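Work through the exercises below with the structure open beside you. Try each task before you read its solution.

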Amino acid sequence: MTSSGRYRVLSDEQWARIEPLLPSNEGRRGHPFRNDRRVVEAIAYRYRTGIPWRDLPREPFVPWQTAWKRHRRYAADGTWDRVL
């Protein structure tokens, strides 16, 4: 994983519990989701630090637009409810 040091948000144990609760790519049109962990860590980092979406560091995570869109999708489809 590329996130390390101060950008590391989730332990491997935490990720192992979250990953099965995320939606799969099966049946989804368009290009498949990639880097689920980096996206979830970007969202968690953004909330932990309180920074605006646009200030999310791209290198250790993903583009801010990707994190924002996935967060919105997970909030709308109940993914965050299952995770929490």
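Predicted model: local features only at pLDDT ≥ 70, side-chain atom pairs only at ≥ 80, totals over all residues.

**Exercise 1. The fold**

Task: Find how many helices and strands the chain has, and write its pattern along the sequence.

Solution: 
- Step 1. Count the elements. The chain has 4 helices and 0 strands.
- Step 2. Read along the sequence. The pattern is α-α-α-α.
- Step 3. The C-alpha trace spans about 35 × 30 × 20 Å along its principal axes.

**Exercise 2. The chain in totals**

Task: Describe burial, contacts, surface and charge for the chain.

Solution: 
- Step 1. Start with burial. Of the 84 residues, 35% are buried.
- Step 2. Take the contacts between residues at least 6 apart in sequence. Of these, 59% join residues at least 24 apart.
- Step 3. The accessible surface is about 5,900 Å². Carbon and sulfur atoms account for 47% of that surface.

**Exercise 3. The annotated span**

Task: Which feature does UniProt place at residues 10–83, and how much of the span is helix?

Solution: 
- Step 1. Look up the record. The unreviewed UniProt entry gives "domain: Insertion element IS402-like" for residues 10–83.
- Step 2. Check the make-up. The span is 54% helix and 0% strand.
- Step 3. Compare the ends. The end C-alpha atoms of residues 10–83 lie 13 Å apart.

**Exercise 4. V39 and R70**

Task: Is V39 buried or exposed, and which residues does R70 touch beyond four places in sequence?

Solution: 
- Step 1. Locate V39. This residue sits in helix α2, residues 36–49.
- Step 2. Apply the cut-off. Buried means under 20% relative accessible area. V39 has 1%, so V39 is buried.
- Step 3. List the partners of V39 beyond four places in sequence. They are R34, V62, T66, A67 and R70.
- Step 4. Move to R70. This residue lies in helix α3. Its relative accessible area is 6%, so R70 is buried.
- Step 5. List the partners of R70 beyond four places in sequence. They are F33, R34, D36 and V39.

**Exercise 5. P57 in its loop**

Task: Where is P57, and what does P57 contact beyond four places in sequence?

Solution: 
- Step 1. Locate P57. This residue is in the loop between α2 and α3.
- Step 2. P57 has 18% relative accessibility, so P57 counts as buried.
- Step 3. List the contacts beyond four places. They are Y7, Y45, I51 and V62.
- Step 4. The C-alpha atoms of P57 and Y7 are separated by 9.1 Å, while the residues are 50 apart along the chain.

Notes. Residues numbered from 1 in each chain as written. Heavy atoms only, no water. Helix = DSSP H or I, 4+ residues; strand = E, 2+ residues; numbered from the N terminus. Buried < 20%, exposed > 50% of the residue type's maximum accessible area, 1.4 Å probe, protein only. Contact = heavy atoms within 4.5 Å. Areas by Shrake-Rupley, 256 points an atom, 1.4 Å probe, with all protein chains shown as cover. Lys, Arg positive; Asp, Glu negative; His and termini not counted. Charge placed at Lys NZ, Arg CZ, Asp CG, Glu CD. UniProt positions renumbered as here; feature names shortened; annotations may be inferred.
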